[in-house]
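Here is a short briefing to read alongside the model. Have a look at the fold first, and then we will turn to its aromatic rings.

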Amino acid sequence: PPPHPTTNQLLKFYFPCLALWISGPLLSLVDTSFVGLSATGKGGSATQLAALGPATTFIDGSLYLFAFLNVATTNLYASALAARRNGDNDGEGVVRTAARTSLYCGIGLMGLLLAVARPLIALYIGPEAASTPNLLDQAHTYVKIRALSMPTSLLGGVLQAALLGAKDSVTPLVAILYSTIINVAGDYLLVSRYQMGLQGAAIATLIAQWCGTLAMIGPARRELLSPGNSLGLLPKFMAGRRRPEGDIPARTFLKFAAPVLTLILGKISAFGFMTNAAAGLPGQPATLAAHQIALSLFFFASPFLEVISQLAQSFLPSYSVLPKDRNGRLLGDTIEWRKASNALVARLERYGLFLGSLLAASVASIVTYAPGIVTKDPGVQMAVRPLAATLAAGAFLTAPVAVSEGTLIARKELSYLASVYFVSTALLPPVLRRIRSVGGPVRQVWICFALFQLFRSGCFLGRIWVTRNDSEEKVGR
């Protein structure tokens, strides 16, 4: 079997992917912090923080729903680069089709959010929270503004994925840096100085996402395409000339949707059910604002662990497919290959648990000792402190979930993953509805989430343990 990747090789892959994962949650966390610390306009800080809960869930969840485009781009572009050794050159076609598909999906998503966001948000948060003065109006305003960034956000995602596939880790990092600086500066001016509240935060994030994508278009064209070729974003009747040969059909990308969307929908629905339950609890708007702070901190921490899942998906396949001779017979010792694969999985699990411990301690410390970092409202600070332990537990358990999930994806255990997500997602809503109906504290919502993560981690780790000594046929497949 090939040697294990060095720590330096893993880090070179980890940090660019982290930039890709962290951009959306980072921008939402910046909005949460500025609104909590500075907003004193219509509705007050607590109401505006409470409105950010469903609003950011809609935006971040919508973007996450289309993450399969990034997965498809990375895989297909890497395959195209490998095929160059045989004289093929489909890499440019992959980039053009990925860019065009993402742009069209973004336009459709933008139209959908602009058309039906308000009734969906009202249904999502329930009549209790919707009746809170200004909460629904402010959440809807935020979503409408952020919806205008959907086309460029999805386009930026696939360009980042293609650049990472081309071993360019600098351009995505620079683009994320541009977005963050512009978002912080915009929030400071619009929220802190001009007191525009949620509207100002949404505008700042919108401009930041536009600039981040624009910063990548030029380098992507120079590095990924031949001189004079475009990204092919315009339809054929508008392009003015025939597109270059070799474009990959859009269905090649969309066929990745079925297995990946099952996992993504399971994750999104879990957070949606939690926010819905928190919105129906007494003590509004402080209760929902506290939940929003905890949710934003979790969304900020989870990408650090989700990237380890990407490490597993990228490095494990080389241990799952053995070389074959011209007659199709396997070469090499399959037991040694399986041992090497299991050793790498154990190594990644250790990295994940260590990082998960650090992140859990960090988010718990913020909630317990420094809630003033994200809100000045005394009522919200008091409401969020009891969430420290359960938030830390959920963050820590995300580590084995992420690494094990990446391992099972690399080993093509998609049916098992989908079944676990289906069962766990089906079990969560009845419990949360019970908490909402009895008016339980918001801490119980996060206890449910910690148990949700514990169930998934147990199922995933158990599957890896049971299949650790698969047969020779399984290994060489």
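This is a predicted model: local features need pLDDT of at least 70, side-chain atom pairs count only at pLDDT 80 or more; totals for chains, interfaces and linings use all residues.

Residues are numbered from 1 along each chain as its sequence is written, and side-chain values use heavy atoms, leaving out hydrogens and water.

**Overall fold**
- The chain has 18 helices and zero strands, taken as DSSP runs (helices H or I, at least four residues; strands E, at least two) numbered from the N terminus.
- Of its 477 residues, 55% count as buried.
- Contacts are heavy atoms within 4.5 Å; among those between residues at least 6 apart in sequence, 83% join residues at least 24 apart.

**Aromatic rings**
- Rings of Phe, Tyr and Trp (its six-membered ring) pair if their centres lie within 6.5 Å, with planes under 30 degrees apart stacked, over 60 edge-to-face and the rest tilted; the count comes to ten aromatic pairs.
- The Phe298 and Phe299 rings have centres 6.2 Å apart and planes at 55°, so this pair is tilted.
- Phe299, at 17% relative accessibility, also counts as buried.
- Trp446 and Phe449 pair edge-to-face, at 5.6 Å centre to centre and 75° between the planes.
- Both Trp446 and Phe449 are buried, and both lie in helix H17 (residues 442-466), three residues apart.
- One aromatic cluster is formed by Phe271, Phe298, Phe299, Trp446, Phe449 and Phe452.

Terms used: Buried means under 20% relative accessible area, exposed over 50%, partly exposed in between (1.4 Å probe, protein chains only).
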